[in-house]
Amino acid sequence: MLTGVVFDIQPFAVHDGPGIRTQVFLKGCPLRCAWCCNPESHAAAPELRHHRARCHTCFQCAAACPSHAIEQGADGLPRIDRRACAQCATHACIDACPNDALAMCGTRMTPDEVVAAVLKDAAFYRNSGGGVTFSGGEPLAQPAFLEACLRGCREAGIATAVSTTGYTTPEVLDAIEPLVDLFLFDLKLADTAQHAFWTGVGNEPVFRSLATLASRCPEKLVLRLPLVPGATDAPQNLATLVDRLTELGLGAVQVAPYHGLGADKYADFGRAPPMSPPPPDAPAVRAATVALRRRIDAR
Amino acid sequence: MFDTFVPREVHGQPSSRRTDDLKQAYLQAPLMIDIEYLRRLTDSHRRTDGMEVLERRAEDHAFALEGLTPVIHPGERIVGHKTRFLRGAIPYANYAAGPFLREMRQQEQDAQQKHISLGEGGGVAHARTAAALGDFEVFSGKFLISRPELAELADLCEFWEDRCLMAVGDRLWKRDFPDAQSIENGWTVGLYTAPHEPCPEGRIVLDFRTALSRGYLAVIADLEARIADFRPGGPEGPDLHFWRAGVRVLRGALTFAARYAAEARRLAAVESAPVRRAELLQMAEACEHVPAHPPRNFREAVQSFWFTYVLGHLEGAHLGYSPGRLDQTLWPYYRDDPTATPAQAVELAEELFVKMTRIEYVASMSWQGLGHGNLYQNLILGGLTADGHPADNALSQAFLQAQINLQMTQPTLSVWWHPSLSDAFCRKAVECVKTGVGYPAFFNLETYLRHEARTTGLPLETLRENAAMGGCTEPTLEGMSYGVVQAGFVNHGKLLDLTMHDGLDPVTGVRMFEPTHPATYAEVVASFQAKMHHAVRSWQQYWNYVMLAHRQTVPLVFCSVFVRDCVGRGRCMDDGGAVNNRTPTTLSSGLVNVSNSLAAIRKVVFEDGACTLNELRDALSADWQGYESLRKRFVAAPKWGNDDDVADGVFLDLYDDYVTWCAGQRNYLGEPYDPSMLAISTPVPFGKACGAFPDGRRAGQPLADGVTSPFPGTDVHGPTAVIRSSSKVDHTRIRGGLLNLKFHPTAIEGDSGANNLLALIRTYFEGPGFHVQFNVVDSQMLRDAQAHPDRYRDLVVRVAGFSAYWVEMSKALQDQVIWRTEHAQC
Ligand code: SF4
Ligand code: SF4
């Protein structure tokens, strides 16, 4: 049976698409943006999260683990052997923890289960002009699952949005696009080498997807740019981005300031945060917005 | 997208220097006790021994009105107040003298403080500072009273000690009510709110439309004509005494107004500023004209309303006494006054709001703790006209604007929601919500109409026209309903305690019920329900004795004159003169904790077999100490507020049983009791009185807030799931109900936020729900959330780029959100 991995379903999401929405977070992403605030979205498979802030270092988890995958780390907190956990069937540590400090991040679900969860708030979508938003991770990285979810929602009359990096193949995009009412499309860097440096992958697939959508259904596109000091905020980058958008006949870009607030989640997954520069201040955000708008208006 | 930490999007300013000054004066004023009314009332009462009860009551009240000092404060344009002070309370010793005497003997304070905590800041602090300075004493924890008046108050209270409503009531029920002991035990264990000191009355809205449109002189003429036509003819007929009492009390009321007119003229004569002098003369003219005659313009209409409002308020120790549909009452005068402007309406509304907030309430410490000084004066806007058209108008928006500008704690502002209301009005209401003041609350008119059509059988037109709110969340039909209704609550949480400990109160050791040894889930539920039935029936019957005592001691005469159809029937409200006598409700709170607990018992004890009932009882007695892993299982069991049919089903069954049982009993006037559930602040003292619960709640923690609000920390699927759960309840079966939702400002920011909030309301009311109100989070609340994460499991905070449950965020991130929320506030 077709299943996908979902790491969160957030009802009453009001910032990603119009109206009251349910946001479904699909796990797994081909990019590794240095500023990412959702480390739980990176790996495709379910994984154990250790909420370090809640941990009382009682090590009842270690005692309960049949594979002896937990020991005390140098910082005094439990250190988890992630490779052992990946094979685990019991997750005995979770039940053993008295402080709810351990939880599985990521659940296997069928498309029907996702659609059923989304449909519960259908009345709210109807009254607010809302719907469902699939995000991630990169939702297009689970194409068959996403397609089935979108189709199910569509058949139930629910408006659909997909929040994407655009990093996918033409075939996947062709299959998905007709089922989507709105693409929340994240742009980052115009230069592919820069893109590879900051996100781990080149940007050719991103602009290929963007070009396809721009020619086929520009009305479905909402463009967003995470404003990261020292990375995406360079004037050169903003200028080139606008040039490329202009070539595609596209306009406005929303600016989302980087905030560095997801950094402490990395340790919960046994990883080090890749970068934490100070977030841009309000004038910087305003300046970038103005710069983008002026360039776009000038065209 | 940009600044996602905007604290509260809307923050208003008083519309004029005048109203700003009035607000500031209020904020600076200490809380005062004023004994003037009580002194005059008592003087009269000493002289009127032997008079018929209604006529004596009218004589006493009228005599008091005729001697109250008219005080006009600087800047005021609408005059008339209950006391001489900016913030004053009348100690109604004629209702309950005992608590004041106990208070003066400094006993009660210590006894009650263990359950109730009062506020500390603002006017309370001013009172304490002033007391430290001079010839004042602090009274009842937060009021100032001068030393000589305190001594006089003691005398007055001693006079009333055996004559007051409470004493007369006690002599009735304590002697002859077979269940008297269980009532007294109920108070000991915290099953009921404190004794009826001082008021079983107040959730009433007078017929202001008649008072304004006819004027008092026409009403007096009507009463006199009836008196002239009266011929004695049997016990069923009209009561001559009521009509005579009505004339007396209206004449006293006119003197009250005339004294304000004279005071305005006196001040005008010595006023040096020409603008203010002209104002004072205009005010004098108004007070010479209304309420005797119908108002000639909008401003006089506001003055006339305010006189009637204050005069009714003066008569009794009201709680929940409300202005009702003021946007409808005043509308014809606004509409027909060519000089009236929206700006004038807003400014006058602001002045009214300051005036309402100034009215203070002094009672026993326990009631003050419950109400936190709030008098629940509910002003409800919108709704429908008699013929079913949307009723919102320019005044409706002016009242909302006044609240946006001032953010006073009174009146309690509400909206009768209907899908046909204008978009502009709905948006104004949302703008007001965004100030974070917590008003307006939204009520679903259709739900109430259906309830009332079924219980009263009155025509739909009548219901639409008069649907109002009397008190915090309890609707009533304005100007036509019996207003002596009980105000005490049954604590469902305590009934759960008693069920878990088989009739023995785990906190005090008092045995309330004989043991029944339930062994199955069905028997546990039955045991709870049997206790609830007994507790509710005793409570209802006890209150009927109180209402009987009310009739004998403090029947409402002035208020009855302005409640249809007391004049026509020749009967005061206490004798069934009102058209609608089904107003008395049976109040309770805490049912969500009971249903969560029973659902958890069913799962953990009877399905999973993880422990026995006896082991559970041991865990509860130990307040879960040493039973942490067992507690985890009970916490993990399904809970109300997550759209989980199993957990919700338990609540619905209990709800059904409660409303059916309540409605099976009769009130003092012989009509069925109306079931209701409210909360005010009962979850806190009720929770303090309770031991640990099987839902994982620890001993002493507050109970679930509201009626269908989930227990904090147990709804983990967001506001839409809470609404879906709450929509399963048949809200038409009770009068009242309460759902609180908390939002971080970012969740409702901007136009799209307003749209979403309205969509949320619309969806819930299609459910059909009954009531919803919104709390917009501020940094103070976030700090509280940091200290008590378990109470804020449902709080979603938008952090740029993602939304997160507050409790899921790291301390550092929380700190940052608090910092930025605060930062943007200044
Ligand atoms: S059981 Fe929980 S609290 Fe204890 S060490 Fe493990 S993760 Fe931390
Ligand atoms: S998930 Fe399994 S393997 Fe990993 S720590 Fe927990 S019990 Fe051990």
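Trainee: Hi! What share of the contacts in chain A with a separation of 6 or more comes from residues 24 or more positions apart?

Mentor: Good place to begin. Such residues account for 70% of those contacts in chain A. Keep in mind that this is a predicted model.

Trainee: Noted. How many helices and strands are there in chain A?

Mentor: Chain A has 11 helices and 12 strands. Its radius of gyration is 21 Å, close to the 19 Å that the globule rule gives for 299 residues, so chain A is as compact as a globular protein of that length.

Trainee: And what box do its C-alpha atoms fill?

Mentor: Along the principal axes, roughly 65 × 45 × 35 Å.

Trainee: How many of the residues in chain A are buried, as a percentage?

Mentor: Buried residues are 54% of the 299. As for the surface, chain A has an accessible area of about 12,600 Å², and carbon and sulfur atoms hold 54% of that.

Trainee: Changing topic: which domains does the assignment give for chain A?

Mentor: There is domain 1, made of 4-44 + 107-297, and domain 2, covering 49-103. Over C-alpha atoms, the centres of these two domains of chain A are separated by 32 Å.

Trainee: Let's hop to chain B. Where does B:Ser726 lie?

Mentor: B:Ser726 is in helix α32 of chain B, which runs over residues 718-727.

Trainee: Is B:Ser726 buried or exposed?

Mentor: Buried: the relative accessible area of B:Ser726 is 0%, and the cut-off for buried is under 20%. Setting aside neighbours within four places in sequence, B:Ser726 is in contact with B:Trp640, B:Thr708, B:His731, B:Leu739 and B:Tyr764.

Trainee: What about B:Ile145, which strand has it?

Mentor: B:Ile145 sits in strand β4 of chain B, residues 143-146. B:Ile145 is buried, with a relative accessible area of 0%.

Trainee: Which residues is B:Ile145 in contact with, leaving aside neighbours within four places in sequence?

Mentor: Among them are B:Ile33, B:Ile35, B:Phe136, B:Phe139, B:Leu150 and B:Leu153, and the list also includes B:Asp135 and B:Glu137.

Note on methods. Residues numbered from 1 in each chain as written. Chains lettered and ligands numbered in written order. Predicted model: local features only at pLDDT ≥ 70, side-chain atom pairs only at ≥ 80, totals over all residues. Heavy atoms only, no water. Helix = DSSP H or I, 4+ residues; strand = E, 2+ residues; numbered from the N terminus. Rg over C-alpha atoms; globule rule 2.2 N^0.38 Å. Buried < 20%, exposed > 50% of the residue type's maximum accessible area, 1.4 Å probe, protein only. Contact = heavy atoms within 4.5 Å. Areas by Shrake-Rupley, 256 points an atom, 1.4 Å probe, with all protein chains shown as cover. Domains from an automatic or database assignment.
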